[in-house]
Amino acid sequence: MAPRRGMLALAVACAQWLVFVCGEENDSGSSVTAINRDLYHSSDDLMEQIEGLVQRHPSVLSMETIEAANKGYSGELAVVTYSRSSKDSDQRSKFRILLSFGQHGRELITTELALRLLSVLSGEQFLANVDHVSLNRTLDKLIIKVIPVENMNGRKLVEAGDLCERRNGRGVDLNRNWSVDWGKKEKDYDPYEENPGTAPFSEPEAQLMRKLSIAFEPHVWVNVHSGMEALFMPYDHKNTTPDGLLGQRMRYLLEKLNVLHCHKRCMVGSGGGSVGYLAHGTATDYMYEVVKVPMAFTFEIYGDGSASSKDCFRMFNPTDVRTFNRVLNDWSAAFFTIFRSGVEQLDQINSNRSSISDKWVSIDDYLSGYLMERRSRYGKKLEVLDFGMQEIRTYFRLFLLSSVLLMFMFCSRISKTVVVDRLSLRFPNTST
Ligand SMILES: [Zn+2]
């Protein structure tokens, strides 16, 4: 038996090697491209690289791992924080940015961008045409949280050979599991690709992201994907963009990014209006509508429209070194444009502070009261609603019931006393 098992293992290894080197034929006979390991890290390798960066730069980078589980399935998120000051008080006054990569397993290029961005932030890699003094001045005023691989379980499936997998480890699309317009199905709904889960936030990964965003209260959110070249703002679930100043600010920034970093090739506008289909229960709509993030975006950083629909690695990821590097350079530079624009907003706040000496203007006030509103209406209250509202209702009901009983006892006692008094007045000698 042993030699036969050895032969089998050898045959599997040879087949894997052939797929690795040459790609494979699918059912329709078209060629499928395998993951290019010369360009792409495995997820383990990628996380090891990121841990190395954090260890080498503890004064600016830190990392925590958060976990959640339900019904026998668990999800884990590594969260890397970049901040040039460790004081909490400083952190609340900074411009806060939350960036998520790898929400869909097959979009490997996005997680490579996370690594590149962290390398630049730590100073181990450099951006072309960037003055380091002004860059450091910008970074002083920011706090950036990066989730390098939001969907680690789905990514593992892709690495095991399921190259078209975008969902999490139990088949749910993490970008359909959020509560804004959750579960609505369009005519072209694909139950395989877009499975929204059994309920909003049924998935541990989405629960963790929601908790993180509510606690961090970012000013900018970017959900980084691939499959096309696009810069999206809300809404995904309807064919419109937000009205007013916030909508204008978002569009202005995206138009600027398109010119500076996307060679004017990117589609710009609402996700729902531009792609040609509406998406329900997405992260970006939740960030904008519920967490009240004033600038909430989805970036699509690369796509090969000529690839066959079965050739997922090629459709979602650059396969040659030149394109791979071009995508990483362009999009890491795009993030630094966003960082600078955040700091320009902070500087404007500071100039308002000096001109209005008796009134302190916070970032939240500056953003048209939008974030103040989220704090009172959604931030802390949302957590209370989620975890304590049932208990509060029960205690309130018990309190009301006991109050009514006490009132009843009190009133009946008074009426008895009055009757006795009246009787004793009417029959003064009867008692003695
Ligand atoms: Zn995607």
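Predicted model: local features only at pLDDT ≥ 70, side-chain atom pairs only at ≥ 80, totals over all residues.
How many of the 8 residues of helix H6 (residues 152-159) are buried? The count is 6, and the helix is mostly covered.

**Helix H6 and its cover**

The buried residues of H6 are Met152, Asn153, Gly154, Arg155, Leu157 and Val158. Their cover includes helix H2 (43-56) and strand S4 (73-83). Gly161 follows H6 and has a positive phi, near 120°.

**Helices H2 and H4**

H2, part of that cover, also packs with helix H4 (residues 108-122). The angle between H2 and H4 is about 15°, and their axes are 10 Å apart. Angles under 35 degrees count as roughly parallel. H2 and H4 are therefore roughly parallel to each other. The crossing of H2 past H4 is left-handed.

Which residues make this contact? From H2 come Leu46, Gln49, Ile50 and Leu53. From H4 come Thr111, Leu115, Leu118, Ser119 and Ser122. An α-helix has 3.6 residues a turn, so residues three or four places apart point the same way.

**The sheet**

S4, the strand that helps to cover H6, belongs to an open sheet of 8 strands. The strand order is S3-S4-S6-S5-S7-S10-S8-S9, and the pairing is mixed. Strand S3 (61-70) and strand S9 (267-270) are the edge strands, each pairing on one side only. From one strand to the next, the twist averages 20°.

Helix H8 (residues 244-261) packs on this sheet. It touches strand S8 (228-233), S9 and S10. The direction of H8 makes about 160° with that of S8.

| Strand pair | Sense | Bridges |
|---|---|---|
| S3 and S4 | antiparallel | 10 bridges |
| S4 and S6 | antiparallel | 4 bridges |
| S5 and S6 | parallel | 6 bridges |

Leu61 stands opposite Tyr82 in S4. Thr81 has Lys145 in S6 as its bridge partner. Ile97 is bridged to Ile144, again in S6.

Strand S6 (residues 142-147) pairs with S4 and with strand S5 (residues 95-101). S6 is mostly covered, with 5 of its 6 residues buried. In a regular strand the side chains alternate between the two faces of the sheet.

Arg96 lies in strand S5. Is Arg96 buried or exposed? The cut-off for buried is 20 or more other C-beta atoms within 10 Å. Arg96 has 21, so it is buried. Beyond residues up to four places away in sequence, Arg96 touches Ile143, Phe216, Glu217, Pro218 and His219. Arg96 and Lys145 are 49 residues apart in sequence, yet their C-alpha atoms are 8.0 Å apart in space. Lys145 is also the bridge partner of Thr81.

Glu217, one of the contacts of Arg96, sits in the loop between helix H7 (204-216) and strand S7 (220-225). Its phi is positive, near 50°, in a residue other than glycine. Glu217 has 19 other C-beta atoms within 10 Å, so it is partly exposed.

Asn129 is in the loop between H4 and helix H5 (132-140). It counts as exposed because it has 6 C-beta neighbours inside 10 Å.

Pro234 and Tyr235 are joined by a cis peptide bond, with omega about 10°. Tyr235 is in the loop between S8 and H8.

**The annotated residue**

Which residue does UniProt list for "active site"? The entry, which is unreviewed, lists Glu300. Glu300 is in strand S10 (residues 295-302). S10 stands between S7 and S8 in the sheet order, and S10 is among the strands touched by H8.

Glu300 is buried, because 24 other C-beta atoms lie within 10 Å. Setting aside residues up to four places away in sequence, Glu300 touches His225, Ser226, Gly227, Met228, Glu229 and Ala230.

Technical notes
Residues numbered from 1 in each chain as written. UniProt positions renumbered as here; feature names shortened; annotations may be inferred. Helix = DSSP H or I, 4+ residues; strand = E, 2+ residues; numbered from the N terminus. Buried ≥ 20, exposed ≤ 12 C-beta atoms within 10 Å, placed from the backbone. Contact = placed C-beta atoms within 7 Å. Pairing = 2+ DSSP bridges. Axes fitted to C-alpha atoms, helices over the stretch in contact; angles between N-to-C directions. Parallel < 35°, antiparallel > 145°, perpendicular 65-115°, else oblique. Left-handed = near helix turned anticlockwise from the far one by under 90°.
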